[in-house]
Amino acid sequence: MDQTKKAAEATAAAPAERLDSPLRTEGELALRFIGAGSAFSKKFYQNNLLVAKGEDHVLVDCGTRTPEALALLGLTVMDVRNYLITHSHADHIGGLEEVMLQNRYVARRKPNIVITEKLRDVIWSMSLRGGAAYNERHDGKPLDFLDFWIPNYPKRRRGEDRELSVATVGGIEIILFRTMHIPDSAAGWRDSFPSYGLVLDRRVLFTSDSRYDPAMVAAMEAAFKLEAIFHDCQLFKGGVHAALEELAALPASTKAKTRLMHYGDKIDDFRPRIAELGFAGVAEQGETYRFR
Ligand SMILES: [Zn+2]
Ligand SMILES: [Zn+2]
């Protein structure tokens, strides 16, 4: 039985009080899909992942609909103390204005954010500044990124491909690496706009949004003993996401540990095909995958 199946069963059997504490675990690494849907899904929340291990937690991405998804778990954006952002699309950062304003003006504290300096500049100057910077003026100046956040900048591993860098959030180790997401014409990660995939505790690959890039998956499998892979999956071909029929070409051993995420509203129509292709399944929204 694969790890993710085992984990799903463990979740089903878990006592209710465990499910009431999505920000902590008994020590195992737990991945809870707050959402598993595409940017424009109306049936699912966007692709956002709450990672917890012992007393530590980090929310990977915070899309437009994430505050609403957190509310279903009895959480507000102020309960989440650690954020991590993979790239600048609104289904991954659209909830951050609420995070910033609620923390500054209600909780009166700053949350932590794992973010590369490159991506910090992109999301602050191109996306977040208009809604956050001008609510106050100090010495004639608007607010800055550091007025809202305590940054946790990943440390670059020199000489490593894909600008690989490492951050820790308590006992959770997160490796970030550049992916090939946008634009659709980019030949590889080097000429793509900054977007990052993750390896959690050297055990789990989370691609975040990525086009079909089998070299990336192979490189991560060669570098780490991956127990599970969560891969971006679009139900049709074209654009800036990996299509199901492209992912079909991954090696059988890779597919067997891969669950698909970031899918559209018609996912149920594709479940038989996903099983036929030999994937572990889809990342189920609301499900927790545990690694002991
Ligand atoms: Zn997305
Ligand atoms: Zn995206």
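These are my notebook entries on a predicted protein model.

**Ground rules.** Residues count from 1 along each chain as its sequence is written, while chains are lettered from A and ligands numbered from 1 in the order in which they are written. Since I'm on a predicted model, local features need pLDDT of at least 70 and side-chain atom pairs count only at pLDDT 80 or more, whereas totals for chains, interfaces and linings use all residues.

**Confidence.** I looked up pLDDT (the predictor's confidence in each residue, from 0 to 100). The mean for the protein is 93, with 93% of its residues at 70 or more. Residues 10-19 stay under 50, and the model gives that stretch five contacts beyond four places in sequence. A contact here is two C-beta atoms, placed from the backbone, within 7 Å.

**Overall build.** I found 11 helices and 15 strands; these are DSSP runs numbered from the N terminus, helices being H or I of at least four residues and strands E of at least two. The radius of gyration is 18 Å, close to the 19 Å from the globule rule for 292 residues, so the protein is as compact as a globular protein of that length. For the record, that radius is taken over C-alpha atoms, and the rule is 2.2 Å times the number of residues to the power 0.38. Along the principal axes, the C-alpha atoms fill a box of roughly 60 × 50 × 40 Å. Of contacts between residues at least 6 apart in sequence, 62% join residues at least 24 apart.

**Burial.** I call a residue buried if 20 or more other C-beta atoms lie within 10 Å of its own, exposed if 12 or fewer, and partly exposed in between, with C-beta atoms placed from the backbone. Buried residues come to 45% of the 292.

**The open sheet.** Eight strands line up as S7-S8-S9-S10-S11-S12-S13-S14, with mixed pairing. Pairing takes at least two DSSP bridges between two strands. S7 (155-156) and S14 (281-282) are the edges, each pairing on one side only.

**S10 and Leu198.** S10 (residues 196-200) runs antiparallel to S11 (residues 204-206), joined by three bridges. Leu198 sits opposite Phe206 of S11. Beyond four places in sequence, Leu198 also contacts Val60, Ile174, Ile175, Leu176 and Ser208, besides Phe206 itself. I then checked the largest nonpolar core, which has 74 residues; Leu198 is among the members touching the most others, along with Val51, Tyr83, Ile174 and Leu200. Such a core is a set of buried Ala, Val, Leu, Ile, Met, Phe, Trp, Tyr and Cys residues joined through C-beta atoms within 7 Å.

**S13 and its partners.** S12 (residues 228-232) runs parallel to S13 over four bridges, with Asp232 opposite Met261. S13 also pairs parallel with S14, over two bridges, and there Leu260 has Val282 as its bridge partner. S13, helix H11 (residues 267-276) and S14 make a right-handed β-α-β unit; right-handed means that, with the strands pointing away from me, the path from the first strand over the helix to the second runs clockwise. S13 (residues 258-261) is covered on both faces: Thr258 and Leu260 are buried on one side, Arg259 and Met261 on the other. Arg259 counts as buried because 25 other C-beta atoms lie within 10 Å.

**Asn112.** Asn112 is in S5 (residues 112-114). Asn112 is partly exposed because it has 16 C-beta neighbours inside 10 Å.
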